[in-house]
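Hi,

Here is the structure I promised to pass on.

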Amino acid sequence: MKKTSTRLSDGRELIYYDRDDSRERDAPDPRPADQVATASEVRQDPLLGDFVAIASHRQGRTHLPPADACPLCPARPGGHQGEIPDSDYDVVVFENRFPSLSGPTGRCEVVCFTSDHDTSFAGLDEGSARLVLEAWRDRTAELSRLEAVRQVYCFENRGVEIGVTLGHPHGQIYGYPEVTPRTRLMLQSLAEHRATTGRNLFDDLVDRERADGDRVVLETEHWTAFVPYAAHWPYEIHLYPRRRVPDLVALDEAARAEFPGVYLELLRRFDRIFGAGRPPTPYISGWHQAPFGEPRPGEPDVAREEFALHLELFTVRRTEGKLKFLAGSESGMSVFINDVPPEAAARRLREVASS
């Protein structure tokens, strides 16, 4: 992998990740050096203790442009000029033009998985998927060094049902200024389980799923994928490396080499859940990683090594033509109601395995 860091005309960082180590990246950004206006701030809810990012400048972000005006496609000489100055690329990461978090409140980046506008992550070959993984690892390491970042979340939203505003295959990386509410809950459960049993909660959870087997979707030498016992979403998969590590940076070579085949298989199964010829399944897929730094006052006192890196992949589609809406119970009280039994979801995800 070759990494080339450059700057866009407005000063934002852009990084090329290439499979070809000899590839030179020196195309300039010909656009005017317009100042990027950001006004994000983080406010804490005094009742719940969580935080909310206020980012009013995002109201004007690009929304579902036609393919020939996609800002994530490579530049065309004499024609369209978007965010990527070069005429092609393998993987590109750049600072978001409309960030939810910026400056002292963190950082937001866009990850373009491929220059091909008309494919998806599931359409990548294993070499390209491996390059995305290496970009995720590199950005996790780099963002962890920023004073404003406590936790890094690499994720992909796919589908207009999710709220995606650009159709090009891409994801995002958020560097949060605080430990996220969801991670705080995990850390609290982790600390309580250790205090009660003397064991690691993540290890026990994965061991239980493997021993039971009903909800296991895919198992390889280095990875285990299963539908969780109390799945929140109609079809939801959690993917864990067999050796517990706190983040992507700590993944060993064997797990990294096996990951592309495992992950691509899971994504392709997701697209077959509702039958052949159906629209692509909308999903959210994201890596949960341990926060950086020592626990602060009020945070669970848990060592980073106790946390288990894992990926959570889920869809908001509960059946063909019907979505799972977060209505009164879910949005108002955070109590999820799942219409699909986890065992049935796991069975379906096994049925649609690649032959």
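The buried residues of H2 are covered by, among others, strand E7 (151-158), helix H3 (201-212), strand E12 (283-288) and strand E13 (310-315). Before going further, the ground rules: this is a predicted model, where local features need pLDDT of at least 70, side-chain atom pairs count only at pLDDT 80 or more, and totals for chains, interfaces and linings use all residues. Residues are numbered from 1 along each chain as its sequence is written, and side-chain values use heavy atoms, with hydrogens and water left out.

Helices (H or I, at least four residues) and strands (E, at least two) are DSSP runs, numbered from the N terminus. Buried means under 20% relative accessible area, exposed over 50%, and partly exposed in between (1.4 Å probe, protein chains only). Contact means heavy atoms within 4.5 Å.

So which residues of H2 are buried? They are Thr 183, Met 186, Leu 187, Leu 190 and His 193. They sit on the same side of H2, because they cover an arc of only 130° around the axis (the arc is that of the directions from the helix axis to the C-beta atoms). An α-helix has 3.6 residues a turn, so residues three or four places apart point the same way. Over on the other side of H2, Leu 185, Ala 195 and Thr 196 are exposed.

Just after H2, Gly 198 has a positive phi of about 80°.

In helix H6 (342-351), the buried ones are Pro 342, Ala 345, Ala 346 and Leu 349. Seen down the axis of H6, these fall within an arc of 100°, so they line one face of the helix. Strand E9 (216-219), strand E11 (235-241) and H4 are among what covers them.

**A few single residues**

Ser 334, in the loop between helix H5 (328-333) and H6, has a positive phi near 60° although it is not a glycine. Its relative accessibility is 61%, so Ser 334 counts as exposed.

Thr 224 in strand E10 (residues 223-226) is buried, at 1% relative accessibility. Leaving aside neighbours within four places in sequence, Thr 224 is in contact with Arg 210, Leu 218, Glu 219, His 238, Leu 239, Tyr 240 and Arg 242.

Gly 261 lies in helix H4 (residues 253-270) and is partly exposed, with a relative accessible area of 28%.

Cheers
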